[in-house]
Amino acid sequence: MPVTLTWTCKPFDHLALSELYALLQLRSEVFVVEQTCPFQDIDGQDQPALHLLGHTPAGELAAYARLFGPGQCYDEVSIGRVVVSPKYRRYGLGQALMREAIAACEQQYGPQPIKIGAQQYLTRFYQGFGFEQCSDMYLEDGIPHIYMRRA
């Protein structure tokens, strides 16, 4: 069954309380509970970020990422907190999310390099979008990560 999402990208100050609650709930469900990784998800970086939200026709948040302009997180534009709801996995939404995130970055900041801190096991996934590893493995909250860059 294909899932079609409606995408919105907005700054923190334009998020409705229900949208903020849903995105924090999704991030907690996946990054804290599913990955059994207690960490400080609410890190003070939501306010400067743009928030990309993918909603189902029923209004459920199925996919999310946050976007940063150059100098906000890294020297380059950045995409982070890339997540698809467990309920909506296996429908290609991770790929749709990354396509939308890259397009939103280009629309907001112009065509330029994008840097991500990726969980190492997703290297091949991100390579499919033109990202290349640009660091050695490092541990973030006990999970192997690498920096990747898309020229």
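The legends below describe close-up views of a predicted model.

Residues are numbered from 1 along each chain as its sequence is written, and side-chain values rest on heavy atoms, with hydrogens and water left out. Because the model is predicted, local features need pLDDT of at least 70 and side-chain atom pairs count only at pLDDT 80 or more, whereas totals for chains, interfaces and linings use all residues.

**View 1**
H1 covers residues 17-34, where helices are DSSP runs of H or I with at least four residues, strands are runs of E with at least two, and both are numbered from the N terminus. The 18 residues of H1 should span 26 Å at 1.5 Å a residue, and its end C-alpha atoms, 24 Å apart, agree with this; the expected span is 1.5 Å times one less than the number of residues. H1 bends by about 30° at Ser 28, the bend being the angle between axes fitted to the seven residues ending there and the seven starting there.

**View 1. The buried residues of H1.**
Glu 19, Leu 23, Leu 26, Arg 27, Val 30 and Phe 31 are the buried residues of H1, where buried means under 20% relative accessible area, exposed over 50% and partly exposed in between, with a 1.4 Å probe and protein chains only. These buried residues pack against strand S1 (6-11), S2, S3 and S4, contact meaning heavy atoms within 4.5 Å.

Most residues other than glycine have a negative phi. Arg 81, found in strand S4 (residues 77-84), has a positive phi of about 50°, but Arg 81 counts as buried at 17% relative accessibility.

The largest pocket has a volume of about 1,100 Å³. A pocket is an open set of points on a 1 Å grid over the protein atoms alone, where a 1.4 Å probe fits, with protein on both sides within 12 Å along at least five of seven lines, and lining residues have an atom within 4 Å of a point; points are joined across faces, edges and corners, and the volume is the space filled by probe spheres set on them. The lining has 42 residues, of which Phe 31, Val 82, Gln 119, Leu 122 and Tyr 126 lie nearest the centre of the pocket. S4 gives the largest share of this lining, seven residues.
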